[in-house]
Structure formats: C-alpha cells, structure tokens
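Open the model in your viewer and show it as a cartoon. Keep the selection panel at hand.

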Amino acid sequence: MINWSGFTHALLASLAYSALGVVLFLLSFLLIQKLTPFSIRKEIETDQNVALAILIGAVILGLSIIIAAGISG
C-alpha cells in the first residue's frame, strides 16, 4: 500500500523548493542586470560578444549551484 500522505507532503515540498529556487535565481539575475553599466542583451545579441555570453553562462551555473546547495541543506 502506498503512503499517499508522505508522497503528497514530499511532492508539495519539492514544488515549494523548486519555486523558491526559481524566484531566488530570477532575483539574483535581475540584480546582475541592474549592476552592469551596459545592456547584457544588446552586447550578446547585437554585438555578438562571446566572452560576455560565456561569463553570463558561468554566473548562471554558479548561481544555480549555490541556490541548489542552499535549498538542499
């Protein structure tokens, strides 16, 4: 017999932590955009700045790892 109460609790906790992680990631990325003196989107899309794209990708991965570690404990 499946323990639906435990499953439901685990599912809701997973959804809540996932939502919290996405919100924290979004807020931190918006903060990065506000702190830069130029438009990240323009630099990557229009000017084709590959170095900036790699840097932003590394920042995204770093933020994701930090948020995941903070949430998982």
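Predicted model: local features only at pLDDT ≥ 70, side-chain atom pairs only at ≥ 80, totals over all residues.

Residues are numbered from 1 along each chain as its sequence is written, and side-chain values use heavy atoms, with hydrogens and water left out.

**Whole chain.** Select the protein chain. It has 3 helices and 0 strands (DSSP runs: helices are H or I, at least four residues; strands are E, at least two; numbered from the N terminus). The radius of gyration is 17 Å, well over the 11 Å that the globule rule gives for 73 residues, so the chain is more spread out than a compact globule (taken over C-alpha atoms; the rule is 2.2 Å times the number of residues to the power 0.38). The C-alpha atoms fill a box of roughly 60 × 20 × 20 Å along the principal axes. Of the 73 residues, 11% count as buried (under 20% relative accessible area, 1.4 Å probe, protein chains only).

**H1.** Select residues 4-35. This helix has 32 residues and reaches 46 Å from its first C-alpha to its last. Show Gly21, Ser28 and Phe29, the buried residues of H1. Their cover includes helix H3 (50-72) (contact: heavy atoms within 4.5 Å).

**H3.** Now take H3, with 23 residues. Its buried residues are Leu52, Ile56, Leu63 and Ile67. What covers them includes H1 and helix H2 (40-45).

**Last stop.** Zoom to the start of H3. A side-chain oxygen of asparagine 49 comes to within 3.4 Å of the backbone nitrogen of alanine 51.

Note on methods
Buried < 20%, exposed > 50% of the residue type's maximum accessible area, 1.4 Å probe, protein only. Expected span 1.5 Å × (residues − 1). Polar contact = N/O pair within 3.5 Å; in protein donor to acceptor, adjacent residues only side chain to side chain.
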